[in-house]
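User: I am new to this structure and would like a short tour. Could you begin with the terms you will be using?

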Amino acid sequence: MAGIDEDREFIALKIAVMTVSDTRTEENDTSGKLLIDRLTEARHSLHARAIVPDEAGRIRAQASDWLASGADIILTTGGTGFAPRDVTPEAIKPLCDRIMDGFSVVFHTVSLKTVGLSTLQSRAFAGQAGKSFIFCLPGSTGACRDAWDNILKFELDSRYRPCSIFEILEANRNV
């Protein structure tokens, strides 16, 4: 049965949070703040935080820097819609060795319950970049809440069974 195995040790991950926006600041970035609050409440380590404009080169450069500095997980929020400046998938996908198709499926299933068919307007996705993972979420605080509370808090918890991202990260470190 799936769930948290309280007998197992919790191991914190180094998680970086990137808000992709031309208009948000640390003061009004509710989505980035929600993700930071959730990951620290879950006892993970905030590796870094940045607010990056909707420019593919700058998004990719920031993610690349964090990958090189040892982030286990990168969470992005914003830039996954269909507006002309929404370029997060185009910026991040070239960094990925593999796309985690199941994340998008599960995210849209969860999102359908809260925003209905509007979930179709999201290009949320996740992928493996080297030995790390990147999760690209919509910019709305509600979407970030849906993703964390229903998917990420479990998938990023080393105690979650039958498996979690932690196990993949560990296996990759030993290669």
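Analyst: Contact means heavy atoms within 4.5 Å. This is a predicted model, in which local features need pLDDT of at least 70 and side-chain atom pairs count only at pLDDT 80 or more, while totals for chains, interfaces and linings use all residues. Residues are numbered from 1 along each chain as its sequence is written, and side-chain values use heavy atoms, with hydrogens and water left out.

User: Which residues is Phe-135 in contact with, leaving aside its neighbours within four places in sequence?

Analyst: Phe-135 touches Ile-73, Ile-74, Leu-75, Thr-76, Met-100, Phe-103, Phe-125, Ala-126, Leu-152, Leu-156 and Ile-165.

User: Which members of the largest nonpolar core touch the most other members?

Analyst: They are Leu-35, Ile-73, Leu-75, Phe-103, Phe-135, Leu-152 and Leu-156, out of 27 residues. A nonpolar core is a set of buried Ala, Val, Leu, Ile, Met, Phe, Trp, Tyr and Cys residues joined through side-chain atoms within 4.5 Å. Buried means under 20% relative accessible area, exposed over 50%, and partly exposed in between (1.4 Å probe, protein chains only).

User: Which element gives the largest share of this core?

Analyst: That is α5, with six residues. Helices (H or I, at least four residues) and strands (E, at least two) are DSSP runs, numbered from the N terminus.

User: Let us turn to α4. Which of its residues are buried?

Analyst: Phe-103, Phe-107, Val-110 and Ser-111 are buried in α4. They lie on the same side of α4 because they cover an arc of only 100 degrees around the axis, the arc being that of the directions from the helix axis to the C-beta atoms.

User: What covers them, and what is on the face turned away?

Analyst: The cover includes β6 (125–129), β7 (132–137) and α5 (141–155). The face turned away from the buried side carries the exposed residues Asp-101, Val-105 and Lys-113.

User: Is Cys-136 buried or exposed?

Analyst: Cys-136 counts as buried, at 0% relative accessibility. Cys-96 is also buried, with a relative accessible area of 14%.
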